Amino acid sequence: MYEFHRLTSGVSMNIHYLQHGASEGVGRIADWARARGLTLPGSHLYRGEKFPAVDSVDFLIIMGGEMNIYQHRDHPWLVEEKRFIKAAIEHGKIVLGICLGAQLIADALGAKVYQNPEIEIGWFPVRFAGSAKEHAPFRSFPPELTALHWHGDTFDLPPNAIRLASSAACENQGFLYKERVAALQFHIEVGREEIELFLGGGGEIGSGRFIQTAEAIRSCDRYLPATEKTLWSMLDGLASINGPRGAGDIRP
């Protein structure tokens, strides 16, 4: 476990997460919340659970999922989720999206989400833009981090968003919008348990230039300390943003 000192354990903040499938939960975000003395309620949308009132949330975390953002027929709750995310952004909430969550944020901000030229599954380096360090949540990020990827889609940068990171397979690996909304295409929230859930019992993953074997994905011990440290640093930075900005307009 890592020690960070930007927040005290007594910080008061209402966090809520949105989960899209049984295999993609909050992972090590739960460890961070527990260490900071925060409760971490969530809505498991695939079970039909309801969204909270937007006004009751200070910090919204949107997790990944196996579906695409446009699969409304198969997952009707996606329509309401998009409205909820847009409302959270408009009301100045702190919002973090991971993988599918990042794509949903991009869509809510009017950016195009589409198939990436490459499927990216496995541990690959992410390069962070120098400008990322100008923003508090990413000030402690290293120039490069090997993180877990598990996606076939990508997104264009929304208007007025700042690119945070890129990889060899995917130009837009993350962005920041108006200081309070962060989107990461890659996974830094995973530990060993989450990786096993992603692998789903060891079935075939497929093949490609940026697709690793299950064995290679499981060989992750050298990467986890750095991803956990980066996760905690980012969450501390986001949670340290002062108060709601007030209702805003997400249009450029």
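## Helix H3

The buried residues of H3 are Leu100, Gly101, Ala102, Gln103, Leu104, Ile105, Ala106 and Ala108. Buried means under 20% relative accessible area, exposed over 50%, and partly exposed in between (1.4 Å probe, protein chains only). Helices (H or I, at least four residues) and strands (E, at least two) are DSSP runs, numbered from the N terminus. Just after H3, glycine 110 has a positive phi of about 90°.

## Model and confidence

This is a predicted model: local features need pLDDT of at least 70, side-chain atom pairs count only at pLDDT 80 or more, and totals for chains, interfaces and linings use all residues. Residues are numbered from 1 along each chain as its sequence is written, and side-chain values use heavy atoms, leaving out hydrogens and water.

The protein chain averages a pLDDT (the predictor's confidence in each residue, from 0 to 100) of 90. Over residues 1-10 the pLDDT is below 50. Residues 244-252 also stay under 50. Where pLDDT is low, the predicted coordinates should not be read in detail.

## Strand E3 and its partners

Strand E3 covers residues 59-62. Phe59 and Ile61 are buried on one side, Leu60 and Ile62 on the other. E3 runs parallel to E1, joined by 4 bridges. Two strands pair if DSSP finds at least two bridges between them. Leucine 60 stands opposite histidine 16. In E4, its bridge partner is valine 95.

## Lysine 82

Lysine 82 lies in helix H2. This lysine is buried, at 16% relative accessible area.

Notes. Contact = heavy atoms within 4.5 Å.
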